[in-house]
Amino acid sequence: MNVIGLLAGHQGAGRGATCSDGVEEVTITTDIAARLQKKLREAGYQVDLLDEFDARLDNYQAAVFVALHADSCIRGASGFKIASRKIADSITTRALRDCLQGHYHEATHLEPQPFGVTPAMTHYYAFDRLAPETPAAIIELGFISTDRAILLDQPEQAVQGLYAGIICFLERDKR
Ligand SMILES: [Zn+2]
């Protein structure tokens, strides 16, 4: 099964983080998710784009599932965060995190912030709704404050990092 599931954070359910100048998290997540879907489809993958709280999440089966969010507008904060779903196969759990983290860092030059990962990420509600074996991760792509240029103005870098991370994970047994 070669289906990839992408969830655009807050799409269809609110706006997410909103900065004082009006920039909203959902604008960033929907744009990057749509670009990533297009890029993966062009590479031959079947890609589902899901809303936040999408009805299709229940027992959702995919080769990989990635939820995209962006972090708050806190001044001075920078970097990205990844949490992967703890499934029975811990090697797979780690491989997904490492692939996404390495390639996202390489493409965006943002720094991973492993100590900033919150319970809301490790226990992301969608993880509990997926089929038990579906490998899944959530990524906070960067802070809308400091990292805005990468999230909003040059999203190709973020898209490239996510794309390479997903391919790295899907192709891991072939290396
Ligand atoms: Zn969010």
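How many bridges join strand β4 to β5?

Analyst: Strand β4 (residues 81–84) is joined to β5 by 4 bridges, and the two strands run antiparallel. Strands (E, at least two residues) and helices (H or I, at least four) are DSSP runs numbered from the N terminus, and two strands count as paired if DSSP finds at least two bridges between them. This is a predicted model, in which local features need pLDDT of at least 70 and side-chain atom pairs count only at pLDDT 80 or more, whereas totals for chains, interfaces and linings use all residues. Residues are numbered from 1 along each chain as its sequence is written, and side-chain values use heavy atoms, with hydrogens and water left out.

β5 is mostly covered, with 8 of its 8 residues buried (buried means under 20% relative accessible area, exposed over 50% and partly exposed in between, with a 1.4 Å probe and protein chains only).

The zinc ion is coordinated at 2.1 Å by His69 through ND1, by His10 through NE2 and by Glu25 through OE. Donors are N, O and S atoms within 2.8 Å of the metal (3.2 Å for Na, K and Ca), and sites may look incomplete, as water is not among the atoms. Along the sequence, the donor residues follow the spacing H-x14-E-x43-H. His10, in the loop between β1 and α1, and Glu25, in helix α1, are 15 residues apart and link distant parts of the chain. Both His10 and Glu25 are buried.

The buried residues of α1 include Glu25, Ile28, Ile32, Leu36 and Leu40. Seen down the axis of α1, the buried residues fall within an arc of 150°, so they line one face of the helix (the arc is that of the directions from the helix axis to the C-beta atoms). Lys38 and Glu42, on the other side of α1, are exposed. The buried residues pack against β1, β2, β3, β5, α5 and α6, where contact means heavy atoms within 4.5 Å. Following α1, Gly44 has a positive phi, near 100°.

These elements meet again in the largest nonpolar core, which has 42 residues, with Leu40 and Ile166 making the most contacts inside it. Such a core is a set of buried Ala, Val, Leu, Ile, Met, Phe, Trp, Tyr and Cys residues joined through side-chain atoms within 4.5 Å. Among the elements that each supply at least two residues of this core are β3 (64–71), β5 (136–143) and α1 (25–42). Helix α6 gives the most, with 9 residues. Not counting residues up to four places away in sequence, Ile166 touches Ile4, Leu6, Leu36, Leu40, Val64, Val66 and Leu100. A second, separate core of 16 residues includes Leu7, Leu57, Ala62 and Ala67.
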